[in-house]
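Subject: Handover of a structure

Dear colleague,

Please find below the structure that I am handing over to you. My notes on what was found in it follow directly after.

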Amino acid sequence: MVVSAVSPRSGKAGSQVTIDGSGFAQGAAVRFKHTAAAGPVTVKSPTRIVATVPSRLPDPKTVDVTVTVGVATSPTGPADEFTYAG
């Protein structure tokens with residue numbers, strides 16, 4: 001499973017982000033660094049998830065967004081970075 005893009009790349013707590021990649025399945029969990037996404041995670045397809053940015057601001061403000069399905073978690077890299085704004 002891989003995260004290939006996060007859109008938008010930055011935003012405020014409570015905003016929605018679309019995560020594109022592969023290997024996604026129902027029951028997937030999304031984390032912004034170590035913080036779980038706020039509210040429900042919607043798996044639109046095996047290649048797209050919609051999640052809500054959590055309210056707790058991390059330090060640093062640019063974090064990796066990871067997806068976990070079962071015991072597998074997506075590797076981190078530049079494509080999965082999200083920056084908290086405001």
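In what follows, two residues are said to be in contact when heavy atoms of theirs lie within 4.5 Å. Please bear in mind throughout that this is a predicted model.

I begin with the sheet. Four strands make up an open sheet in the order β1-β3-β7-β6, and their pairing is antiparallel. At its edges are β1 and β6 (38-45), each of which pairs on one side only. On average, neighbouring strands of this sheet are turned by 25° against each other, direction ignored. As a general point, the strands of a sheet pair through backbone hydrogen bonds, either parallel or antiparallel. Within this sheet, the antiparallel pairing of β3 and β7 runs over 5 bridges. Valine 17 has alanine 51 of β7 as its bridge partner.

In soluble globular proteins, nonpolar side chains tend to be buried together.

Valine 30 deserves a separate entry. Leaving out residues up to four places away in sequence, valine 30 touches Ile19, Thr35, Ala36, Ala37, Val41, Ile49, Ala51, Val65, Thr66 and Val67.

How many aromatic pairs does a search of the whole structure find? The search finds 2. One of them joins phenylalanine 32 and phenylalanine 82 edge-to-face, at 5.6 Å centre to centre and with 85° between the planes. Phenylalanine 32 belongs to strand β4 (residues 29-32) and phenylalanine 82 to strand β10 (residues 81-84), so this pair ties together parts that are 50 residues apart in sequence.

Threonine 35 has its place in strand β5 (residues 35-36). Its relative accessibility is 14%, and threonine 35 therefore counts as buried. Apart from neighbours within four places in sequence, threonine 35 is in contact with Val30, Pro54 and Arg56.

Threonine 52 is found in strand β7 (residues 48-52). Is threonine 52 buried or exposed? With 16% relative accessibility, threonine 52 counts as buried, because the cut-off for that class is under 20%. Its contacts, neighbours within four places in sequence aside, are Gly14, Ser15, Gln16, Phe32, Ala37 and Ala38.

Threonine 66 lies in strand β8 (residues 62-69). At 11% relative accessibility, threonine 66 also counts as buried. Not counting residues up to four places away in sequence, threonine 66 touches Ala29, Val30, Arg31, Thr73, Ser74 and Thr76. The C-alpha atoms of threonine 66 and alanine 5 are separated by 11 Å, while the two residues are 61 residues apart along the chain.

With kind regards

Note on methods:
Residues are numbered from 1 along each chain as its sequence is written. This is a predicted model: local features need pLDDT of at least 70, side-chain atom pairs count only at pLDDT 80 or more; totals for chains, interfaces and linings use all residues. Side-chain values use heavy atoms; hydrogens and water are left out. Helices (H or I, at least four residues) and strands (E, at least two) are DSSP runs, numbered from the N terminus. Buried means under 20% relative accessible area, exposed over 50%, partly exposed in between (1.4 Å probe, protein chains only). Rings of Phe, Tyr and Trp (its six-membered ring) pair if their centres lie within 6.5 Å; planes under 30 degrees apart count as stacked, over 60 as edge-to-face and the rest as tilted. Two strands pair if DSSP finds at least two bridges between them. Axes are lines fitted to C-alpha atoms, for helices over the stretch in contact, and angles run from 0 to 180 degrees between N-to-C directions.
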